[in-house]
Amino acid sequence: MDSAIQIFWKTAVLDLPDDASFFAIFKEPLFLVVITIMTLQFFNWMVVLANADLSFAQPVTALSYVCVAVMSAIFLRESVDAVQMLGIALVIAGVYFISRTDHLTKRAEPEAEDGLIAERAEHLVVRPVAILPAPKLAPAAPKLKSHAA
């Protein structure tokens, strides 16, 4: 979805006249498509986060960099040079390694979790905070009388 958003967004921006006002974007149908896909992406992301660890899901979204580069080359006729291809390969490799890990952390059983909390609480050290007396202020300087005539 993110890749589609980026392509539609770029296309919509290219279709705007140079002197377009802010409100002109709402007359451009592609911007409405972008907003719709963003809304769908929001709800999709809620489902993903409910079913996977953030440390797993977020790095996988880096695949959108790959998709955007490929789709930009195909649909927008943008060039992709050797350095970008190397970066794309590294992103794919990184996502591959992350995908080999568990996507959901094993949670402790509720009974065991209470014991874990109690065990962690035993290690907490409460240190008293010294309260220092307020500093003594110097006496106020005497007011000078004005000899204005």
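Biologist: Why does Phe26 count as partly exposed?

Modeller: This is a predicted model, and every value is computed from it. Phe26 has a relative accessibility of 42%. Buried means under 20% and exposed means over 50%, so a value in between is called partly exposed. Phe26 therefore counts as partly exposed at 42%.

Biologist: Where is Phe26 found, and which residues does Phe26 touch?

Modeller: Phe26 is found in the loop between α1 and α2. Leaving out residues up to four places away in sequence, Phe26 touches Leu32 and Ile35. The cut-off for a contact is heavy atoms within 4.5 Å.

Biologist: What is the mean pLDDT of the protein chain?

Modeller: The mean is 80, and 71% of the residues reach 70 or more. Among the elements, helix α5 (residues 82–99) has the highest mean pLDDT, 94. Helix α6 (residues 110–122) has the lowest, 58.

Biologist: How many helices and strands are there in the protein chain?

Modeller: Six helices and zero strands. Along the sequence the pattern reads α-α-α-α-α-α.

Biologist: How do you know that the span of α2 agrees with its 23 residues?

Modeller: The expected span is 1.5 Å times one less than the number of residues. For the 23 residues of α2 that gives 33 Å, and the end C-alpha atoms are 33 Å apart, so the two agree.

Biologist: Which residues of α2 are buried, and what do they pack against?

Modeller: The buried residues of α2 are Leu30, Phe31, Val34 and Ile37. They pack against α1.

Biologist: And α4, what makes its span agree?

Modeller: At 1.5 Å a residue, the 13 residues of α4 should span 18 Å, and the end C-alpha atoms are 18 Å apart, so the span agrees. The buried residues of α4 are Ser64, Val66 and Ser72. Their cover includes α1 and α5.

Biologist: What is the phi of Arg77, and why point it out?

Modeller: Arg77 has a positive phi of about 55° although it is not a glycine.

Biologist: Is Arg77 buried or exposed?

Modeller: Exposed. The cut-off is over 50%. Arg77 has a relative accessible area of 70%, so it counts as exposed.

Biologist: What about Thr101, why does it count as partly exposed?

Modeller: Thr101 has 44% relative accessibility, so it counts as partly exposed. Its place is in the loop between α5 and α6. The C-alpha atoms of Thr101 and Phe56 are separated by 7.9 Å, although these residues are 45 residues apart along the chain.

Biologist: How much of the protein chain counts as buried?

Modeller: Of its 149 residues, 14% count as buried. Among contacts with a separation of 6 or more, 66% come from residues 24 or more positions apart.

Biologist: How much space lies in the largest pocket, and which residues are closest to its centre?

Modeller: About 330 Å³ of space lies in the largest pocket. Of the 15 residues that line the pocket, Asp2, Gln41, Asn44, Trp45 and Thr61 are the closest to its centre. The elements that give two or more residues to the lining are α1 (2–15), α2 (29–51) and α3 (54–60).

Biologist: Which element gives the most to that lining, and which classes are present?

Modeller: α2 gives the most to the lining, with five residues. By class, the lining has eight nonpolar, six polar and one charged residues.

Key. Residues numbered from 1 in each chain as written. Predicted model: local features only at pLDDT ≥ 70, side-chain atom pairs only at ≥ 80, totals over all residues. Heavy atoms only, no water. pLDDT = per-residue confidence, 0-100. Helix = DSSP H or I, 4+ residues; strand = E, 2+ residues; numbered from the N terminus. 1 Å grid on protein atoms, 1.4 Å probe; cavity = no way out; pocket = protein on both sides within 12 Å on 5 of 7 lines; lining within 4 Å. Points joined across faces, edges and corners; volume = space filled by probe spheres on them. Nonpolar A, V, L, I, M, F, W, Y, C, P; charged D, E, K, R; others polar. Buried < 20%, exposed > 50% of the residue type's maximum accessible area, 1.4 Å probe, protein only.
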